[in-house]
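Open the model in your viewer and keep the sequence panel beside it. The stops below say what to select and what to look for.

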Amino acid sequence: MKKLLTIFCALLFASACATVQEMKQAVNCRYEIRSAQVSDFSLSDINLDVKVAISNMDKQQTAKLNRFDGNLYINDNEVSAISFGAYEIAPSDTELAKASLTIPFAKVGKNLIGLVTANSISVDYKIKGTMYFDTALGEIPMPVVITQKKDM
């Protein structure tokens, strides 16, 4: 009985160490908005192509991103939901996650009017959401906030 309990404790300890290592890998990624460019527009909406760089800072393990779900903010105003799918990022490598968004002009229009009236020539982009990483013991959610200030 003691042997069985010892083996069980050893397995539990090993799986806990694996979980800590997987969480370290997920936390060890860096995120940056590389671009947010208008690809098309009309009187009713604007199509925006967004690229987010995900850099795996770990030198040994591949980061396995299952998905990202979040929101895009322009000058602190939520304008659209944003999501992208699965990516595998090799150790010390960077992948560009891409999303194409259709934003109603009514949501963006007031931001543009605010920029003109404030005589501002910069736009603050913020993406806030959750990255879901695949691990041996299941999915680990990681809250993420990515910001970029773009001068026009």
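**Before selecting anything**

This is a predicted model, in which local features need pLDDT of at least 70 and side-chain atom pairs count only at pLDDT 80 or more, while totals for chains, interfaces and linings use all residues. Residues are numbered from 1 along each chain as its sequence is written, and side-chain values use heavy atoms, with hydrogens and water left out.

**Stop 1: the whole chain**

Show the chain as a cartoon. It holds 2 helices and 8 strands, where helices (H or I, at least four residues) and strands (E, at least two) are DSSP runs numbered from the N terminus. Followed from the N terminus, the elements run α-β-β-β-β-β-β-α-β-β.

Now switch to a surface. The accessible surface of the chain is about 9,500 Å², and 57% of that belongs to carbon and sulfur atoms; the areas come from the Shrake-Rupley method with a 1.4 Å probe, and for residues only the protein chains shown count as cover. Of the 152 residues, 33% are buried. Buried means under 20% relative accessible area, exposed over 50%, and partly exposed in between (1.4 Å probe, protein chains only).

**Stop 2: the sheet 1-2-6**

Select strand 1 (29-41), strand 2 and strand 6 (94-104); strand 2 covers residues 45-56. These 3 strands form an open sheet in the order 1-2-6, with antiparallel pairing. Strand 1 and strand 6 are at the edges with a single partner strand each, so one side of each has no neighbour in the sheet. On average, neighbouring strands here are turned by 20° against each other, direction ignored; the axes are lines fitted to C-alpha atoms, for helices over the stretch in contact, and angles run from 0 to 180 degrees between N-to-C directions.

Two strands pair if DSSP finds at least two bridges between them. Strand 1 and strand 2 pair over 11 bridges, and a hairpin of 3 residues joins them. Select Glu-32 to find its bridge partner Ala-53 in strand 2. Strand 2 and strand 6 also pair, over 11 bridges. Here Lys-51 has Lys-98 as its bridge partner, and Ile-46 stands opposite Ile-103.

**Stop 3: Ser-55 and Thr-94**

Which residue's side chain does Ser-55 meet in a polar contact of 2.8 Å? Thr-94 is the partner; a polar contact is a pair of N or O atoms within 3.5 Å, where within protein one must be able to donate a hydrogen and the other to accept it, and residues adjacent in sequence count only if both atoms are side-chain atoms.

Ser-55 lies in strand 2 and is buried, at 16% relative accessible area. Thr-94 belongs to strand 6 and is partly exposed, at 33%. Contact means heavy atoms within 4.5 Å. Beyond four places in sequence, Ser-55 contacts residues including Asn-28, Cys-29 and Arg-30, while Thr-94 touches Arg-34 and Ile-89, among others.

**Stop 4: the core**

Select Val-50, Ile-54, Leu-72, Phe-84, Ile-127 and Met-131, which have the most contacts inside the largest nonpolar core, a set of 32 residues. A nonpolar core is a set of buried Ala, Val, Leu, Ile, Met, Phe, Trp, Tyr and Cys residues joined through side-chain atoms within 4.5 Å. Finish on Val-50: its contacts beyond four places in sequence include Ile-82, Leu-101 and Ile-127.
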